[in-house]
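Subject: Structure for you to look at

Hello,

Here is the structure I promised to pass on. Please open it and keep it beside you while you read my notes.

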Amino acid sequence: VDAIGILEAGLAKAPTHVKMVYNLAGARLQRGEVAAAKARYEQVLQLDPKHAGAPARLAEIAAYEAKQAAGGAEAGGGAAAPASGPQPPAAGAKDPNH
């Protein structure tokens, strides 16, 4: 069973569940879906402005996007980074707030 599918189904029932949004962002990031992960981490901060983990992940994504832009590649358009180039930041599975 796909973790993203499970999390998406859970969020359909509880769209403001911060931990599920955070975990979905991490799952998207692990797949290399940088833009989708970034949007979900931003959603976490909208739901919980004091969230401990989301700002760090967004900073990692920003650094990754800056490296991509400096290299002339498109930054995080939702596709996985090529194996030979810079990889998206690793997603932390654990939510530091829970």
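In which helix is confidence lowest, and in which is it highest? It is lowest in α4, at a mean of 94, and highest in α3, at 98. Keep in mind that this is a predicted model. Over the whole protein, the mean pLDDT is 84. Of its residues, 73% reach 70 or more. One stretch needs care. Over residues 74-85, pLDDT stays under 50. The model has 18 contacts beyond four places in sequence for that stretch. Where pLDDT is low, the predicted coordinates should not be read in detail.

**Overall plan**

The protein has four helices and zero strands. From the N terminus, the order is α-α-α-α. There are 98 residues, and 38% of them are buried. The accessible surface comes to about 5400 Å². Carbon and sulfur atoms account for 57% of that surface. Now take the contacts between residues at least 6 apart in sequence. Of these, 56% join residues at least 24 apart.

**The core**

The largest nonpolar core holds 19 residues. Leu-29, Tyr-41, Val-44 and Ile-61 have the most contacts inside it. The elements that give two or more residues are α1, α2, α3 and α4. The largest share is eight residues, and it comes from α2.

**Helix α1**

Start with α1, residues 3-13. Its buried residues are Ile-4, Leu-7, Gly-10 and Leu-11. Seen down the helix axis, they fall within an arc of 130 degrees, so they line one face of α1. An α-helix has 3.6 residues a turn, so residues three or four places apart point the same way. The buried residues of α1 pack against α2 and α3. On the other side of α1, Ile-6, Ala-12 and Lys-13 are exposed.

Next comes the loop between α1 and α2, where you will find Thr-16. Is Thr-16 buried or exposed? It counts as exposed, because its relative accessibility is 57% and the cut-off for exposed is over 50%.

**Helix α2**

Why is α2 described as largely enclosed by the rest of the structure? Because 10 of its 13 residues are buried. Among them are Val-18, Met-20, Val-21, Tyr-22 and Leu-24. What covers the buried residues of α2 includes α1, α3 and α4. The length of α2 also checks out. At 1.5 Å a residue, its 13 residues should span 18 Å. The end C-alpha atoms are 18 Å apart, which agrees.

Look at Arg-28 in this helix. It is buried, because its relative accessible area is 16% and the cut-off for buried is under 20%. Setting aside residues up to four places away in sequence, Arg-28 touches Ile-4, Glu-8, Glu-33, Ala-36 and Ala-37. After α2 comes Gly-32. Its phi is positive, near 85 degrees.

**Helix α3**

This helix runs over residues 34-47. Leu-45 has its place here. It is partly exposed, with a relative accessible area of 24%. Which residues does Leu-45 contact, leaving aside neighbours within four places in sequence? They are His-51, Ala-54, Pro-55 and Leu-58. Leu-45 and Tyr-22 are 23 residues apart along the chain. Their C-alpha atoms are separated by 9.5 Å.

**Helix α4**

Helix α4 covers residues 54-70. At 1.5 Å a residue, its 17 residues should span 24 Å. Its end C-alpha atoms are 24 Å apart, which agrees. The buried residues are Ala-54, Arg-57, Leu-58, Ile-61, Tyr-64, Glu-65 and Gln-68. Seen down the axis of α4, they fall within an arc of 120 degrees, so they line one face. What covers them includes α2 and α3. The face turned away from the buried side carries the exposed residues Lys-67 and Ala-70.

As you turn the model, find the buried face of α4. Then turn to the buried face of α1.

Best wishes

How values were computed: Residues are numbered from 1 along each chain as its sequence is written. This is a predicted model: local features need pLDDT of at least 70, side-chain atom pairs count only at pLDDT 80 or more; totals for chains, interfaces and linings use all residues. Side-chain values use heavy atoms; hydrogens and water are left out. The expected span of a helix is 1.5 Å times one less than its number of residues. Buried means under 20% relative accessible area, exposed over 50%, partly exposed in between (1.4 Å probe, protein chains only). The arc is that of the directions from the helix axis to the C-beta atoms. Contact means heavy atoms within 4.5 Å. Accessible areas come from the Shrake-Rupley method with a 1.4 Å probe; for residues, only the protein chains shown count as cover. A nonpolar core is a set of buried Ala, Val, Leu, Ile, Met, Phe, Trp, Tyr and Cys residues joined through side-chain atoms within 4.5 Å. pLDDT is the predictor's confidence in each residue, from 0 to 100.
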